[in-house]
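Please take a look at the sequence and the 3D structure below. We will walk through a few of its parts together.

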Amino acid sequence: MAIGVCYFPEHWPRTRWERDIERMAEVGVEYVRMGEFAWAQLEPERGAFRFDWLETVLDLIDDHGLNAVLCTPTATPPRWLVDDHPSILQEEADGTTREFGSRRHYCFNSEAYRLETRRIVDALADRFADHPSVAGWQVDNEFGCHGTLRCYCDDCADAFSDWLAERYEDPDELNEAWGTDFWSQRYDSFDAVLPPRHTAADHHPGQLLDYYRFSSDSAVSYNELQADRLRAANDEWFVTHNFMGHYEALDAYDVSESLEFASWDSYPTGFAQELDDPSSDELVAGNPDQIGFNHDLYRSAGDGPFWVMEQQPGDINWPPYSPQPAEGSVRLWAHHAVGHGADNVVYFRWRRCLEGQEQYHSGLLERDDSPGRGHDEAGAAASELSTLPTDGAVDADVALLHDYENLWATGIQPNSPDFDYFDHQRTYYEALRSHGVDVDVVHPSTDLSEYSAVVAPTLYLVDDELAERLEAYVAAGGQLCVSIRSGVKDRANKLLESRPPGPFAELVGATVEEHESRHPSQAQSVTYEGETHAYHTWNERLDASEATVIGEYDAGEPAGYPAIVRNEVGAGAVTYCGVWPSDDLARRLVADLLDRAETPRLDEPLPSTVRVSSRGDAAWVVNFGSEPVSVTAPGAADRLLGDETVGAFDCAVVDAPGTALSIDTGSR
C-alpha cells in the first residue's frame, strides 16, 4: 500500500523542484503523478519536443527513491494543434463547437487527432522507456469530464454509420430492431442515420441507446490505442485510467479490459452536495456509501486492487460550496479506500495553484509552502498504512449487479423525475453495507457461482441468456433479489411483448399486472412480514401465480395487491421487490436475503455514518460521523490501529472479520 501525490512541476520554478520532492519523501509519498495537462510544455510547437524538464524531475524522483506515474497529455491538445486541425474539436448536439480555452475539447473519432495522439504518446514512451523511476502510465484524464464523452460532429456521424453497419446486417434489421415505423423514422442506409442532434422532440429511444453505446465504445477504442502503444515501448509498465465518481456515460467495465487496474478520482465533500439533503457530517466528510460504491465498482471493473488517483486534500473548487473537511477526514478517506481494496491513494494536488481555473482547489501545501489542511493527515495515513496488512484481497460473498446499458436506457425514458438508476442501486448497496458485508459491484455477465447472495436492481434490458444464467444460479442454491423495472425491454430498447419481468417471469413466479410512478403526495406504504414500511417513486402490482406473497400494499389504490414475492427454485430462492423501498425496508429485505444465504452479517444494522469492510484477515471500521462509536472485537483479536472507542471522523483496524465485530453507537 502506498500514498502518492499529483505534481505539476511545469507550474513552478525549477528552483523548487528538488525541495518539493524532498518534502514529498518526508511526508511518506511513494508515487508522484505528472504530465496529464502538459502537452504545450512538452511540445510548444510541432515537432519541437522539450522533454528535458520532465526528465530532470524524473531524475530527482529517482534520486529520492520515489516512483513516477506519467500521464499522456491528450486531454489538453495545445492551441497550435487546434489551429492545424480545427476538425478535432467536439460539437454539441445543437452544432455549437466546443472551442479551445479549457480542456477535453477533442473528439474521440477524429482520425486527425488519433494520428496526433499516436505521435505524442510514441514520443513520450520512447523517451522514457528505460527511465528507472517510471512505474506506469495514466491514459489521458477523466474521459468524458464536463459532459464531453458524447460528440455530435461529422467525424462522429461517419463513425456512427460504420458502427451501425458492423452491428446490423442491413438497414432493414436496424429498422426492425429499433422500431422505426413509429413517427415515420425508417432508414434506407446506414449513412442516413445521424447522431441525435438537436431536434423538435425526443429522439428515438433505440437510436439514443445505440448512440450511447457507440460513444462509450469510441472512448474504449481510444484508450486501447494509447495503452497498446505504451506497452509496446515497455511491457513492464502498468497502464491505468482515472475514472470519475458516479459517471454515467462511460462503461468502466469495457475500458478496464485494457488496463492493469482501474483508478478513480474521489472528492467526498463535493459528491455529498449531490445528495438530496446532505447532513452536516456529510458536508464535511462525505457519505461512506456514496464513496464506497465507487471503490467497489472500480475494484470490480478492474478485477483486483484499484487506485484512488485523485484524493481530495482539503477544500475544493468545483462544487457549489467549499467547506473545509472535518479534522481527520483526509486521513480517514485513505483508510476507507484501503479497506475497500485500494493499493494506492494519490492526493490531488501537491501545492495550491496560483493560476488558471483551479486556483481555489487546495493542495497538501498552501501557496506560500505552508502545510495545508491535509498535509499532516496524509503523512499520518502513509505512516499507519505502512505498518498494516494491506496485501490481502477483498473477498466479497455478495454481488450487486450493475449495467451501464440499463442505466442509459432508464435515463432515456425514466418515466418519473425521481427515477435515477444510480440512486436505486445505492438503496440496496447501502442496505448491504449497513449489515457489514463486503460487496462486489459487477456486470450481469460475471460468473456468479462464487457468491452466496446476489442483488439485481432494475435488470431493465434482458434476453433469454441472462434469464437462463440467473435461473441456473438460483437453482444451484443461490439467493437472488430482483427489483422494480426488470425484464421490461429487449436489448434494442423496445418493450417486450410479454408483461414484466419478461423472461424472468418463471424464475420470479409472478408478473407485473400494472405499474405506476407515484407523486410524492400520494400514499405509498406496504406491509412486509407484519410491519408497515414506506416506499417511493415506483410501484408494481404483482400477479403472484407461483410465488409466495410476502409483502402487500396497504395504502392508496394498490392496497391489497402483492408488492413483494418470493419463489423457491431448486436449491435457492428469488425475491422480487415491486417497489423502490425505503431505507428500513431495504435493510429488512437484505437481512433476510443474507440469512437465507447463510452469509455472516452484523447482528444489528450500522448507522449511516459507520461502516466496516474486510481485506484479508483485517477489518477497517470507519466513522464518518461526529459522534464516537465503540468497537468490540471477538476473543483475543489484535487491534492493529486505534482503540475500542473510534472518535469522530476516525477509524480503527482489527485483526478479525468485520461481521464478527460488535459496534455500538449508543443510539441507532
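Here is a short tour of some strands, cysteines and one alanine.

## Before we start

This is a predicted model, in which local features need pLDDT of at least 70 and side-chain atom pairs count only at pLDDT 80 or more, while totals for chains, interfaces and linings use all residues. Residues are numbered from 1 along each chain as its sequence is written, and side-chain values use heavy atoms, with hydrogens and water left out.

Helices (H or I, at least four residues) and strands (E, at least two) are DSSP runs, numbered from the N terminus. Let's begin with strand β9, residues 342-347: 5 of its 6 residues are buried, so the rest of the structure largely encloses it. Buried means under 20% relative accessible area, exposed over 50%, and partly exposed in between (1.4 Å probe, protein chains only).

Two strands pair if DSSP finds at least two bridges between them. Strand β1 (residues 2-6) pairs with β9 in the parallel sense over 4 bridges, and here Gly4 stands opposite Val346. Strand β8 (residues 306-311) is also parallel to β9, over 4 bridges, with Trp307 opposite Asn344. To get from β8 to β9, the chain passes through helix α13 (residues 329-339), making a right-handed β-α-β crossover. Right-handed means that, with the strands pointing away from the viewer, the path from the first strand over the helix to the second runs clockwise.

How many disulfides does the structure hold? There are 0 disulfides, a disulfide being a pair of cysteine sulfur atoms within 2.5 Å. For Cys6, the nearest cysteine sulfur belongs to Cys71 and is 7.5 Å away. Cys6 has a relative accessibility of 1%, so it counts as buried.

Cys145 is in no disulfide either, and its nearest cysteine sulfur, that of Cys6, is 14 Å away. Cys145 is buried too, at 10% relative accessible area.

## A closer look at Ala252

Ala252 sits in helix α9, residues 252-256. Is this residue buried or exposed? Ala252 is buried, because its relative accessible area is 0%. Leaving aside neighbours within four places in sequence, Ala252 is in contact (heavy atoms within 4.5 Å) with Phe243, Tyr298, Ala301 and Tyr404.

## A three-stranded sheet

Further along, 3 strands form an open antiparallel sheet in the order β25-β23-β27. Its edge strands, β25 (645-646) and β27 (662-664), each pair on one side only. Strand β23 (residues 629-632) is joined to β25 by 2 bridges, and Ser630 has Thr645 in β25 as its bridge partner.
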